[in-house]
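Visitor: Hi! Could you walk me through this one? I'm new to reading structures.
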Amino acid sequence: MMNRKPNCTDINEPGLLHIDQAKKAIFDALPVLQDTQQIPIEQAKGRCLSESIISPLQVPGHTNSAVDGYAIRSSDLPSDKLETRLTIQATVLAGQLYTEPCQPGHCIHIMTGAAMPLDLDTVIMQEHCQITQDAILIDARHKKGQNVRQAGEDIQLGDTILPEGKLLCPADIGLLASLAITEIKVKRKLRIAIASTGNEIYSIASVAAEGGLYDSNRYSLLAALDRSDIEIINLGIIRDNETDLLKCFNEAAGYADIIISTGGVSVGEADYTKAVLKDSGDINFWKVAMKPGRPIAFGKIKQAVFFGLPGNPVAVLVTLYQLVLPALERMLGITDSPIAPLLKARSLEPIRKKTGRTEIQRGIVSQIATGELQVKTTGKQGSGILSSISMANAFIILEHERDSIKKGDWVDVQLFSGLF
Ligand code: AMP
Ligand code: MG
């Protein structure tokens with residue numbers, strides 16, 4: 001057999017890091033952000049709660065009617081095949097508190113949300129009784145307690161309604177408002193500095209010289225990290241030159257929690273990032289057994305966490321979603337794992353894959369009538385083909401140990417979009 005040097009198509013070479021090892025190493029090294037800030041609930045969607053919220057009230061505050069109808073005593077409900085006639089004593093609108101006792105043989109006309117009058121425990125829907133001018137006739141189909149919302153049935157006084165670490169969703173904001181909580185404590189925003197590196201990379205505001213290309217990575221990152229719990233520091237494009245890189249990264253490390261650069265971490269000749277970072281901080285250069293996204297740098301520059309992502313546009317987004325995003329959520333102290341879960345889908349086509357690395361392909365997932373998910377790839381999967389993500393609605397995650405997939409095999413997919 002020929003003796004040859006390892007190259008980047010070798011997947012069984014020593015020193016390759018399993019994607020789970022890379023994730024673990026990242027997790028183990030991350031500091032958890034401690035700083036908090038007090039903000040109004042209107043600004044809290046997508047922020048990480050940094051206190052547990054204990055309810056100061058019960059919700060609903062009063063036992064109330066769930067429908068428009070007639071509040072009665074359940075003891076007045078007729079038995080089988082009989083009917084009862086009850087005289088209408090008064091009408092209570094939502095927001096009114098009716099304190100008169102209800103006379104025997106009477107009922108009270110009540111609107112949705114109005115507090116139940118004393119001693120009445122059941123509501124007959126308007127549509128379910130015969131109404132005459134001053135009375136109602138009800139039959140035997142009703143049950144004691146129906147159409148009544150009990151005080152505290154949603155939230156009890158002293159309940160923990162939201163745990164520390166929750167990433168706040170619209171319902172959470174509504175819950176806080178229902179308790180008249182106007183401000184809450186959240187983690188401050190993570191400050192993330194992003195930079196593109198490379199002599200061939202041109203700003204989209206300029207005209208690229210021959211042989212150059214436009215900087216798409218920074219824009220992918222800007223869009224992917226456009227979240228209410230992140231503040232972006234845009235470092236622009238840095239040339240492959242030691243002085244510029246060092247100056248820029250060192251400055252950014254003074255105020256950013258995280259620095260993310262793209263390009264310049266592979267074994268190419270002009271991979272200055274690597275050379276520069278060797279002397280600045282504590283950076284590891286990994287060859288991760290994943291495709292795309294093999295070369296990755298991770299470590300620290302001063303106090304800032306550094307991610308050196310590969311330059312290829314697809315690899316940037318794949319490594320961002322698979323490695324960086326879970327790390328960010330951990331740094332923020334988010335405990336309710338909002339990242340898209342893995343689902344099973346049937347592959348509509350064979351997919352070639354080598355064992356010994358995790359492959360993250362881009363797919364289009366659809367659902368058939370039985371509820372089963374199916375997936376096909378978006379075609380060419382080269383790590384420079386950004387349209388392969390743009391056309392996709394999910395990642396297809398093919399595990400490390402797995403080899404080629406046959407048509408009809410189950411594969412793991414991760415949908416790009418959730419509801420919130
Ligand atoms: P590198 O990792 O620096 O060797 O870059 C790998 C590939 O990604 C090269 O073809 C680069 O031209 C391309 N690339 C690097 N940075 C960017 C960027 N910011 N936008 C678009 N493509 C890039
Ligand atoms: Mg480069």
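Guide: Happy to! This is a predicted model. Let's begin with helix α4, where T243 and K247 are exposed on one side.

Visitor: Okay, and which residues in α4 are buried?
Guide: The buried ones in α4 are L245, C248, F249, A252 and A253. Looking down the axis of α4, you would find its buried residues within an arc of 130 degrees, so they line one face of the helix.

Visitor: Why would residues three or four places apart point the same way?
Guide: An α-helix has 3.6 residues a turn, so residues with that spacing point the same way.

Visitor: New topic: how many residues surround ligand 1?
Guide: There are 15 around ligand 1, and the closest are E200, D215, N217, G264 and G311. By class, that shell has nine polar, four nonpolar and two charged residues.

Visitor: Which strands supply at least two residues each to the shell?
Guide: Those are β14 (190-197) and β16 (213-214).

Visitor: And what do the nitrogen atoms of ligand 1 sit by?
Guide: A polar backbone atom of S216 is 3.1 Å from a nitrogen atom of ligand 1. N217 has a polar side-chain atom 3.3 Å from a nitrogen atom of the ligand.

Visitor: What about an oxygen atom?
Guide: For an oxygen atom of ligand 1, a polar backbone atom of G311 is 3.1 Å away.

Visitor: How much of the ligand's accessible area does the protein cover?
Guide: On its own, ligand 1 has 490 Å² of accessible area, and the protein covers 78% of that.

How values were computed
Residues numbered from 1 in each chain as written. Chains lettered and ligands numbered in written order. Predicted model: local features only at pLDDT ≥ 70, side-chain atom pairs only at ≥ 80, totals over all residues. Heavy atoms only, no water. Near = heavy atom within 4 Å. Polar contact = N/O pair within 3.5 Å; in protein donor to acceptor, adjacent residues only side chain to side chain. Areas by Shrake-Rupley, 256 points an atom, 1.4 Å probe, with all protein chains shown as cover. Helix = DSSP H or I, 4+ residues; strand = E, 2+ residues; numbered from the N terminus. Nonpolar A, V, L, I, M, F, W, Y, C, P; charged D, E, K, R; others polar. Buried < 20%, exposed > 50% of the residue type's maximum accessible area, 1.4 Å probe, protein only. Arc of directions from axis to C-beta.
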